[in-house]
Amino acid sequence: MKECTISIDAPEKILKGAGIPDSSFIPSSIYKLKIKFSNTGENSKICSFSSTLGNGIRYLKSFSLEGPDESLKKKTFVVEPSMELGNNNCIIFADNFVLSPNSTNILSFDVALCDRYTMGSVENSGDKIPHKGKINFFAHLIDGENVDSCSASSAAHDYEMKIICQEDSIKPGETTKFYVHCSTGQYDVARSVYIRSILDDGLEFVADSCNLEPRNVYKFNGRTVIKWDVGTLQPSETRRIGFMVMLRNDFIGEPGTMLRNKLNSNCINNSQYTQCPSSCSYSLRVI
């Protein structure tokens, strides 16, 4: 069993753009990428690592380290796409750093995603990165003769929807509020944005509780379906929709039952005339 291991924690979704290419644009859509180093052995280890970031990913600095081994941070370097070196991907690496015994170190830094792949070492110059296209990350850790490898992937998005809730649990007769965030990337206008929310049986939409009146609310197979026409979102715009739901007083499910609010959304990318579907969900626990 390997004593020294490496892993990558990448965001599930990455909305494209963060003032890319360099401009006076206010930065947005900046994400944290984390690389985790573990040494489960009883002795210190001298290691080296390299990580290749996904094509289209830009490194935005802000290195930080959680863990005891400062030499890891001090010895870490970044090589950005360069014609001289002929690399299309950003590479993070460090040589001959020490991992303490029974230690965990987490190296984190900011990244953002261009609209187009890097080609010929020229950032944001290749084909357009498709909506929901996979962005792959790889890393290798060398400990003497041992090599540990890992990978992770994120999904590129022109348009993204996510949901948060005031609570994680609910009792019969109680209400809570959901907030749906619809966001566009830096490069595109999103037209004809719509949202559909499907509430599990037991959850009811509270009338007149929403900042944007739904187009319609109806029952289907015991579930409540809510639909909104959001309209047009400009580049890097976020629109928030808040609405309340109630758990019916007569709900007879067992405590611990999970009731889900499942959402899907779609829009038209105004520059590519392609659809940009997005989905998410949130589960409330009955208490």
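Glu-123 is partly exposed, at a relative accessible area of 25%; here buried means under 20% relative accessible area, exposed over 50%, and partly exposed in between, with a 1.4 Å probe and protein chains only. Before you start, note that this is a predicted model, in which local features need pLDDT of at least 70 and side-chain atom pairs count only at pLDDT 80 or more, while totals for chains, interfaces and linings use all residues. Residues are numbered from 1 along each chain as its sequence is written, and side-chain values use heavy atoms, with hydrogens and water left out.

**Exercise 1. Find the salt bridge between Arg-58 and Glu-123, and say which parts of the chain the pair links.**

Solution. 
- Step 1: apply the rule, which asks for a side-chain nitrogen of Lys or Arg within 4 Å of a carboxyl oxygen of Asp or Glu. Arg-58 and Glu-123 meet it at 2.4 Å, N to O.
- Step 2: Arg-58 sits in strand β5 (residues 57-59) and Glu-123 in the loop between β9 and β10, 65 residues apart. Strands (E, at least two residues) and helices (H or I, at least four) are DSSP runs, numbered from the N terminus.
- Step 3: check burial. With a relative accessible area of 12%, Arg-58 is buried, whereas Glu-123 is partly exposed.

**Exercise 2. How many salt bridges are there in total, and which residues join Lys-16 in one network?**

Solution. 
- Step 1: count by the same rule, and you reach 16 salt bridges.
- Step 2: start from Lys-16, whose salt bridge with Asp-115 has its closest N and O atoms 3.3 Å apart. Lys-16 lies in the loop between β2 (13-15) and β3 (31-39), and Asp-115 in the loop between β9 (103-113) and β10 (134-143), so this pair ties together parts that are 99 residues apart in sequence.
- Step 3: follow the shared partners. Lys-16, Asp-115, Lys-128, Asp-158 and Asp-188 are joined into one network.

**Exercise 3. What is the strand order of the open six-stranded sheet, and which strands are at its edges?**

Solution. 
- Step 1: read the order as β2-β11-β10-β4-β8-β7, with mixed pairing.
- Step 2: the edges are β2 and β7 (76-79), each of which pairs on one side only.
- Step 3: β2 and strand β11 (residues 146-157) are parallel over three bridges, with His-157 as the bridge partner of Leu-15.

**Exercise 4. Where is Ser-183, and which side chain makes a polar contact with it?**

Solution. 
- Step 1: Ser-183 is in strand β14 (residues 175-184) and counts as buried, at 11% relative accessibility.
- Step 2: a polar contact of 2.8 Å joins the side chains of Ser-183 and Thr-238. Such a contact is a pair of N or O atoms within 3.5 Å; within protein, one must be able to donate a hydrogen and the other to accept it, and residues adjacent in sequence count only if both atoms are side-chain atoms.
- Step 3: beyond neighbours within four places in sequence, Ser-183 is in contact (heavy atoms within 4.5 Å) with residues including Leu-15, Asp-158 and Leu-233.

Notes:
Pairing = 2+ DSSP bridges.
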